Amino acid sequence: MTNSNKNLFKEFKLSSWAIANKTTMYVLILVILVLGISAYFGMPREDFPEIKETKIYVSSVYPGNTAEDIEKLITNPLEDKLKTVSNVVEIVSTSQEDYSIIIVEFDDDISVDIAKQKVKDQIDTEVASEDWPIFNNAKVDPNVFDLSLSEEIPILNINLSGNFPTEKLKEFAEYLEDEIENLIEIKQADIRGVQDKEVEIAVDIYKMMASQVSFDDVIGAINGGNVTTSAGNLISSGQRRTIRIIGEIDNPIDLQNFVVKVENNNPIYLKDIAEINFKEKDKTTFARKDGEQVVMLDVKKRAGKNMVEATEKVKAIVQNAIDNNVFPKTLEITITNDLSDKTISQVQDLVNNIIFGVILVVTVLMFFLGFKNALFVGFAIPMSMFMSLMILSALGYTLNTMILFGLIMGLGMLVDNGIVVVENVYRLMEEEGMSRIEAAKKGIGEIAYPIIISTVTTVAAFVPLGLWPGLFGQFMKYFPITLSVVLGSSLVVAIFFNSVLVSKFMTIEDKEMPLKRIIALSSIVGGIGLIILFFGGAYRGLGSVMVFSAIMLWVYRLILRKAANRFQKRTLSKFENYYEKTLRFSLYSWKPYAIVAATFILLFISFAGFGVSVESQRTKIEFFPDNKPNQIIVYIEYPEGTEINKTNEITKSIEQRVYQILNDEVYMDGDYNYMVESFVSQVGEGAGNPQTDGGSAAEMPHKGKITASMRQFKYRRGQDSEALRQKVQEALAGIYPGVLISVEKDANGPPAGSPINIELEGKDYDQLIETAENMRRFINNQNIPGIDELKIDVNKDKPTMQVIVDRQKAGELGVSSGQVGMQLRNSIFGAKAGIYKKDGDDFDIYVRFNEELRYNTSAIFNQNITFRDMASGQVRNIPVSALASQTNTSGFSAIKHRDAKRVVTVYSALAPGFVDAAAVVNDIQKEMESFSQMPEGN
């Protein structure tokens with residue numbers, strides 16, 4: 001066989017084709033660079049990847065009902081229907097006052113859209129039944145939706161304050177709300193700290209009884225009078241004229257002259273028995289910044305949209321409103337809890353790591369292969385990165401923590417293929433005297449399949465991680481996918497692009513670059529770099545790289561070149577000789593067998609040592625790395641049924657305590673806090689934990705939330721934000737009895753729930769709660785380290801009142817239990833009597849007792865039920881107290897189900913300084929073996 005045949009046999013056809021079509025390769029390089037840079041700037045930025053759980057949520061709002069009634073009327077019927085749906089893994093639900101939420105989890109074999117349709121079909125069937133509850137003359141309408149956690153966490157808060165009435169601040173907030181929600185990147189902007197308005201018909205029950213007017217009379221009069229209808233068309237004199245009867249009110253004050261009843265030709269006007277007020281609804285939300293009252297907007301982005309771009313557009317809207325004098329100069333507008341800063345910082349860190357990686361790799365390789373040849377390998381880093389970004393963008397992925405982690409980890413691995421290609425071609429040129437093209441074809445032909453196999457085996461090691469099922473699998477899959485794309489891109493770069501570059505530019509002589517050429521090249525590169533650095537906007541990073549490259553040309557020319565030559569001729573040869581001696585010694589006689597045996601022994605020793613270390617808890621195990629908080633969040637929860645003003649007062653007290661810790665002199669530089677950027681609090685709506693209350697539309701008057709946002713890490717002067725969180729946690733422990741306080745940090749990784757979780761299941765809810773209380777006391781008495789504070793997710797402390805109707809007496813007087821219930825409901829909760837339309841907005845008209853009497857037990861139960869007796873035609877007045885008796889009792893704060901069975905959960909976070917949840921849970925399990933108060937059947 002001839003020498004040419006041997007060379008031909010060793011060629012790798014794809015790389016040989018690339019070498020033969022250099023122009024095509026140069027164009028491809030340019031195209032990939034352009035598309036990669038475009039992908040980098042165009043990919044949506046977010047903190048963590050979008051997790052599309054196969055969970056469907058069903059929320060139902062039925063105001064004025066207890067948790068037990070919600071369970072009986074809403075949750076149980078819906079769960080009975082949903083149990084028949086195929087592909088369902090688990091159904092969990094929470095029934096609480098006024099509200100039901102059901103979460104249906106499907107297996108991974110079904111898409112979210114199909115799962116949602118299956119649930120909706122079953123829900124519609126149940127709602128269509130004649131027994132389904134009715135509210136405000138319409139059936140309760142369950143909302144079926146899927147949920148992305150990223151859509152529940154606000155990306156920023158906009159706070160409005162100043163010397164303005166609350167109503168005026170709300171107008172400013174509504175302007176921003178409309179403008180911001182027009183952005184395609186924004187899902188919604190919720191206004192906090194101020195209420196919507198309603199028209200309240202505050203009736204005086206004593207005047208109503210004196211006039212023998214019933215709630216039905218008032219509601220009927222408003223319903224019948226506040227309406228605009230069309231009577232059709234009147235044809236006259238060749239014209240077709242539309243007839244429209246105008247009855248809608250132009251102003252709430254117009255309701256005063258509505259006639260609610262005419263008795264003996266004496267009209268009774270609404271103003272005779274009630275006051276009409278156009279006012280805010282009862283308070284359901286408070287918002288403060290730095291302890292001062294504000295009107296706040298919670299801005300939430302859409303799933304898959306660019307957080308950074310969304311934030312920039314929101315800020316532009318606010319700035320335009322200020323610049324164009326939409327708002328008065330005295331209005332103070334601040335933006336807090338901006339999550340985009342962290343994302344921008346992460347992306348910048350990636351770019352810096354890539355640039356630093358290129359510099360290190362080129363510097364190291366320069367000592368082994370020379371400066372020019374090292375550049376061939378260094379070229380593989382940005383080229384592979386841009387190709388990877390192009391592919392990931394085409395797959396629809398966002399630039400998030402897991403993607404960035406995969407890119408950074410792949411940074412050190414992707415140069416391997418380039419090193420092998422460049423070194424082998426260099427060897428053939430140096431030792432066998434081949435030309436560049438011949439050495440490139442033969443050199444890549446010799447190692448093409450080995451590097452392909454090496455890359456495939458490396459990728460294969462990460463395949464099981466990509467096949468991880470469930471929620472965590474969805475979160476972790478981005479890492480192996482990114483790593484596979486990066487390594488695949490590096491293989492393409494090595495085989496195609498590196499082969500072209502080495503066949504064109506590789507040299508084995510280390511020629512000294514002429515001084516004139518260095519001056520010209522550094523002037524051009526540095527000059528262009530300076531222009532981009534000062535005027536390049538988003539591309540300023542490229543300018544800094546070019547300026548640095550120009551400086552490094554001189555560093556190499558004056559310093560590094562001589563050091564590299566000295567290393568290759570002296571140091572490297574010594575290492576090679578030492579390696580050869582060590583290898584010969586190790587392979588002589590019995591030594592190979594001893595080395596293999598020692599290797600296996602060390603392997604078993606390392607496994608045993610690791611097991612002992614874990615068992616002794618010297619080595620901590622945690623599922624996801626413990627992050628330093630970027631936000632410290634204090635969740636406050638009173639018992640269910642607590643009035644919002646009481647929750648607000650305790651939240652203010654906790655605010656002051658937290659504020660003192662955050663503004664400790666350790667973190668202050670004069671008036672500047674270099675640790676904490678902003679401090680906001682919310683009570684009621686918006687105060688829930690997105691990790692546990694996601695999708696809930698409940699008002700939450702018993703909950704509060706305080707959020708302290710940390711400055712970026714580089715501004716913290718070395719202070720530990722986790723230590724600050726622990727200070728807050730310790731300062732609030734045991735200070736407020738009866739109040740559940742949880743000091744947490746911004747979520748890092750997939751939602752995992754509480755690390756300590758004990759679930760009890762049974763039919764008797766009273767017994768379950770009692771057992772949970774006994775279990776909590778038992779565990780607390782064991783003094784197990786690592787437990788922060790054991791809590792129970794439900795209780796029976798919610799104050800309630802039971803009204804028992806004497807059916808026999810009511811029947812004799814012609815009154816039903818339904819009439820009694822509706823009379824009390826109309827008195828306290830109110831009855832919707834229509835809508836008042838103003839400037840395109842709809843405001844409810846509600847009829848209820850005036851504020852003086854609404855919470856007066858005597859007035860409520862001594863009022864008359866006024867109705868017309870159908871047998872005699874006379875108006876009858878029956879006191880409620882004559883038909884019903886009431887007793888104060890307590891009810892469940894909530895009723896929780898798992899697979900249609902009642903459950904109670906005992907849970908806790910880890911105590912400050914503990915990260916190994918498995919070890920703490922293991923200690924609890926050992927202690928629970930002696931727990932003897934578990935009832936039978938649970």
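Here is a friendly conversation about a predicted model of a protein.

Biologist: Which helix has the lowest mean pLDDT among the elements of the protein?

Modeller: The protein averages a pLDDT of 84, and 95% of the residues score at least 70. Among its elements, helix α4 (residues 67–82) has the highest mean, 92. Over residues 1–9 the pLDDT is below 50, and beyond near neighbours in sequence this stretch has 4 contacts in the model. The lowest mean pLDDT, 49, belongs to helix α1 (residues 3–10).

Biologist: Leaving aside its neighbours within four places in sequence, which residues is Phe497 in contact with?

Modeller: Phe497 is one of the residues that touch the most other members of the largest core. With those sequence neighbours set aside, its contacts are Met25, Leu28, Ile29, Ile32, Phe379, Met383, Met387 and Val492.

Biologist: And how many residues are in the second core?

Modeller: This second core is separate. Its members include Ile222, Ile276, Val820 and Ile878, and its size is 43 residues.

Biologist: Is Thr455 buried or exposed?

Modeller: You will find Thr455 in helix α15 (residues 436–466). Leaving aside neighbours within four places in sequence, Thr455 is in contact with Asn417, Leu487 and Leu491. Its relative accessible area is 8%, and the cut-off for buried is under 20%, so Thr455 is buried.

Biologist: Where does Gln212 lie?

Modeller: Most residues other than glycine have a negative phi. Gln212 has a positive phi of about 55° although it is not a glycine. Gln212 is partly exposed, with a relative accessible area of 29%. Its place is the loop between α7 (205–211) and α8 (215–225).

Biologist: What is the relative accessibility of Asp899?

Modeller: Asp899 is not a glycine either, yet its phi is positive, at about 55°. Look for Asp899 in the loop between β33 (894–898) and β34 (901–908). Asp899 counts as partly exposed, with a relative accessibility of 41%.

Biologist: Why is strand β17 largely enclosed by the rest of the structure?

Modeller: Val295, Leu297, Val299 and Lys301 point one way from β17, while Met296, Asp298 and Lys300 point the other way, and all are buried. Strand β17 (residues 295–301) is largely enclosed because its buried residues number 7 of the 7.

Biologist: How many bridges pair strand β8 with β17?

Modeller: On strand β7 (residues 156–161), 5 bridges join it to β17, and the two run antiparallel; Ile158 has Leu297 as its bridge partner there. For β8 (residues 186–192), the pairing with β17 is also antiparallel, and Ile186 has Lys301 as its bridge partner. The count for β8 and β17 is 6 bridges.

Biologist: Which strands stand at the edges of the open sheet of 4 strands?

Modeller: The order in this sheet is β14-β9-β29-β28, with mixed pairing. Neighbouring strands are turned by 25° against each other on average, direction ignored. Each edge strand has a single partner, so one side of it is left without a neighbour in the sheet. The edge strands are β14 (274–280) and β28 (831–838).

Biologist: At what angle does helix α26 run to β29?

Modeller: Helix α26 (residues 817–828) lies across β28 and β29 (841–849). Its direction relative to β29 is at about 120°.

Technical notes:
Residues are numbered from 1 along each chain as its sequence is written. This is a predicted model: local features need pLDDT of at least 70, side-chain atom pairs count only at pLDDT 80 or more; totals for chains, interfaces and linings use all residues. Side-chain values use heavy atoms; hydrogens and water are left out. pLDDT is the predictor's confidence in each residue, from 0 to 100. Contact means heavy atoms within 4.5 Å. A nonpolar core is a set of buried Ala, Val, Leu, Ile, Met, Phe, Trp, Tyr and Cys residues joined through side-chain atoms within 4.5 Å. Buried means under 20% relative accessible area, exposed over 50%, partly exposed in between (1.4 Å probe, protein chains only). Two strands pair if DSSP finds at least two bridges between them. Axes are lines fitted to C-alpha atoms, for helices over the stretch in contact, and angles run from 0 to 180 degrees between N-to-C directions.
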